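Colleague: I have not looked at this one before. Could you take me through the model?

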Amino acid sequence: MTMRMLKSYGGFYEGQVVTLSGPEETRLIGLGYAAAYLGEGDIVAASRALIIGDIEDVIPCVSAGPVVITIPNDATLGASGQATVAIYQGGTGAASFAAGAGVTLRNTAPTPAQYKTHGVMRVGANEWAYIV
(Lines give C-alpha, C1' and ligand atoms only; values in the text may rest on other atoms or scores of the structure.)
Protein backbone atom coordinates (compact mmCIF):
# COMPACT_ATOMS: atom_id res chain seq x y z
CA MET A 1 0.00 0.00 0.00
CA THR A 2 1.20 3.51 -0.72
CA MET A 3 1.08 5.64 2.42
CA ARG A 4 1.94 9.16 3.54
CA MET A 5 3.89 9.37 6.80
CA LEU A 6 2.00 11.46 9.37
CA LYS A 7 4.94 11.45 11.82
CA SER A 8 8.65 10.71 11.55
CA TYR A 9 9.41 7.11 12.48
CA GLY A 10 12.04 4.45 11.80
CA GLY A 11 13.99 6.36 9.16
CA PHE A 12 10.89 7.77 7.47
CA TYR A 13 10.11 11.47 7.79
CA GLU A 14 6.79 13.28 8.18
CA GLY A 15 5.13 13.89 4.80
CA GLN A 16 7.17 11.23 3.00
CA VAL A 17 5.25 8.93 0.65
CA VAL A 18 6.30 5.29 1.03
CA THR A 19 5.11 1.93 -0.27
CA LEU A 20 5.01 -0.87 2.30
CA SER A 21 3.18 -4.14 2.78
CA GLY A 22 2.48 -6.71 5.44
CA PRO A 23 2.97 -6.27 9.18
CA GLU A 24 5.00 -3.06 8.88
CA GLU A 25 2.19 -1.35 6.96
CA THR A 26 -0.40 -2.49 9.50
CA ARG A 27 1.78 -1.40 12.45
CA LEU A 28 2.47 2.10 11.10
CA ILE A 29 -1.20 2.71 10.32
CA GLY A 30 -2.30 1.25 13.66
CA LEU A 31 0.12 3.50 15.58
CA GLY A 32 -1.06 6.57 13.64
CA TYR A 33 2.31 7.10 11.96
CA ALA A 34 1.00 6.61 8.40
CA ALA A 35 -2.22 6.67 6.37
CA ALA A 36 -3.40 5.53 2.95
CA TYR A 37 -2.33 7.86 0.15
CA LEU A 38 -4.04 8.31 -3.20
CA GLY A 39 -1.48 10.73 -4.58
CA GLU A 40 -1.34 14.40 -5.39
CA GLY A 41 -3.89 15.45 -7.94
CA ASP A 42 -5.67 12.11 -8.25
CA ILE A 43 -8.91 12.91 -10.06
CA VAL A 44 -12.08 11.66 -8.41
CA ALA A 45 -14.92 10.67 -10.74
CA ALA A 46 -17.15 8.79 -8.27
CA SER A 47 -18.36 9.26 -4.71
CA ARG A 48 -16.07 7.96 -1.97
CA ALA A 49 -15.05 8.44 1.64
CA LEU A 50 -12.54 11.05 2.73
CA ILE A 51 -9.16 9.51 3.63
CA ILE A 52 -6.37 10.91 5.75
CA GLY A 53 -4.26 11.46 2.61
CA ASP A 54 -6.83 14.04 1.44
CA ILE A 55 -6.22 16.28 4.46
CA GLU A 56 -4.56 19.62 3.63
CA ASP A 57 -5.19 18.99 -0.07
CA VAL A 58 -7.70 19.76 -2.83
CA ILE A 59 -9.65 16.85 -4.30
CA PRO A 60 -10.31 17.45 -8.01
CA CYS A 61 -13.76 16.05 -8.91
CA VAL A 62 -14.46 15.60 -12.61
CA SER A 63 -17.74 13.89 -13.43
CA ALA A 64 -20.97 14.49 -15.31
CA GLY A 65 -22.83 13.01 -12.31
CA PRO A 66 -22.71 14.04 -8.66
CA VAL A 67 -19.64 13.23 -6.55
CA VAL A 68 -20.08 13.08 -2.77
CA ILE A 69 -17.09 12.94 -0.45
CA THR A 70 -18.32 11.42 2.82
CA ILE A 71 -16.49 12.43 5.99
CA PRO A 72 -16.05 9.38 8.24
CA ASN A 73 -15.77 9.57 12.02
CA ASP A 74 -12.39 10.44 13.55
CA ALA A 75 -11.58 6.83 14.48
CA THR A 76 -12.06 5.65 10.90
CA LEU A 77 -10.39 8.67 9.31
CA GLY A 78 -7.53 8.87 11.79
CA ALA A 79 -8.02 12.62 12.23
CA SER A 80 -7.06 14.66 15.26
CA GLY A 81 -6.40 18.35 15.69
CA GLN A 82 -7.22 20.91 13.05
CA ALA A 83 -7.54 19.71 9.47
CA THR A 84 -8.88 21.12 6.20
CA VAL A 85 -9.74 19.67 2.83
CA ALA A 86 -11.28 21.20 -0.30
CA ILE A 87 -12.98 19.88 -3.42
CA TYR A 88 -12.80 21.37 -6.89
CA GLN A 89 -15.75 20.75 -9.19
CA GLY A 90 -14.18 20.41 -12.62
CA GLY A 91 -17.11 18.56 -14.20
CA THR A 92 -20.77 19.38 -14.58
CA GLY A 93 -21.77 16.96 -11.78
CA ALA A 94 -22.16 18.59 -8.36
CA ALA A 95 -19.24 17.97 -5.96
CA SER A 96 -20.12 18.02 -2.28
CA PHE A 97 -19.30 16.78 1.21
CA ALA A 98 -21.57 14.66 3.43
CA ALA A 99 -21.29 13.71 7.08
CA GLY A 100 -20.80 10.02 7.78
CA ALA A 101 -22.19 8.17 10.80
CA GLY A 102 -21.37 10.01 14.02
CA VAL A 103 -20.10 13.12 12.24
CA THR A 104 -21.61 16.61 12.40
CA LEU A 105 -21.15 18.94 9.42
CA ARG A 106 -21.92 22.56 10.35
CA ASN A 107 -22.91 25.63 8.34
CA THR A 108 -24.79 25.72 5.06
CA ALA A 109 -23.37 23.82 2.14
CA PRO A 110 -22.41 26.14 -0.71
CA THR A 111 -24.30 25.83 -3.98
CA PRO A 112 -22.27 23.50 -6.22
CA ALA A 113 -21.15 25.01 -9.50
CA GLN A 114 -18.69 23.94 -12.17
CA TYR A 115 -15.16 25.37 -11.62
CA LYS A 116 -15.98 26.24 -8.00
CA THR A 117 -13.88 25.18 -5.00
CA HIS A 118 -15.11 24.87 -1.42
CA GLY A 119 -13.92 23.03 1.61
CA VAL A 120 -14.44 21.82 5.14
CA MET A 121 -12.43 22.24 8.32
CA ARG A 122 -12.29 19.94 11.32
CA VAL A 123 -13.36 22.06 14.30
CA GLY A 124 -13.71 19.40 16.99
CA ALA A 125 -14.03 15.70 17.62
CA ASN A 126 -16.20 14.32 14.79
CA GLU A 127 -17.23 17.88 13.92
CA TRP A 128 -16.55 19.67 10.64
CA ALA A 129 -17.66 23.03 9.22
CA TYR A 130 -17.91 24.35 5.68
CA ILE A 131 -15.42 27.02 4.65
CA VAL A 132 -15.88 28.99 1.45
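Colleague: What share of the 132 residues in the protein chain is buried?

Modeller: This is a predicted model. A residue counts as buried when its relative accessible area is under 20%. In the protein chain, the share of the 132 residues that is buried is 39%.

Colleague: What radius of gyration does the protein chain have, and what would a compact globule have?

Modeller: The C-alpha trace spans about 45 × 30 × 20 Å along its principal axes. A compact globule with 132 residues would have a radius of gyration near 14 Å, and the protein chain agrees with that, at 15 Å.

Colleague: How many helices and strands are there in the protein chain?

Modeller: From the N terminus on, the elements run β-β-α-β-β-β-β-α-β-β-β-β-β. That gives two helices and eleven strands.

Colleague: Which strands stand at the edges of the open sheet, and why is one side of each left without a neighbour?

Modeller: Three strands form the open sheet, with parallel pairing, in the order β4-β6-β8. Residues 48-49 make up β4 and residues 95-99 make up β8; each has a single partner strand, so one side of each is left without a neighbour in the sheet. The strands at the edges are β4 and β8.

Colleague: In β8, which residue is the bridge partner of Ile69?

Modeller: Strands of a sheet pair through backbone hydrogen bonds. Strand β6, residues 67-71, runs parallel to β8 and is joined to it by five bridges. The bridge partner of Ile69 in β8 is Phe97.

Notes. Residues are numbered from 1 along each chain as its sequence is written. This is a predicted model: local features need pLDDT of at least 70, side-chain atom pairs count only at pLDDT 80 or more; totals for chains, interfaces and linings use all residues. Side-chain values use heavy atoms; hydrogens and water are left out. Two strands pair if DSSP finds at least two bridges between them. Helices (H or I, at least four residues) and strands (E, at least two) are DSSP runs, numbered from the N terminus. The radius of gyration is taken over C-alpha atoms; the globule rule is 2.2 Å times the number of residues to the power 0.38. Buried means under 20% relative accessible area, exposed over 50%, partly exposed in between (1.4 Å probe, protein chains only).
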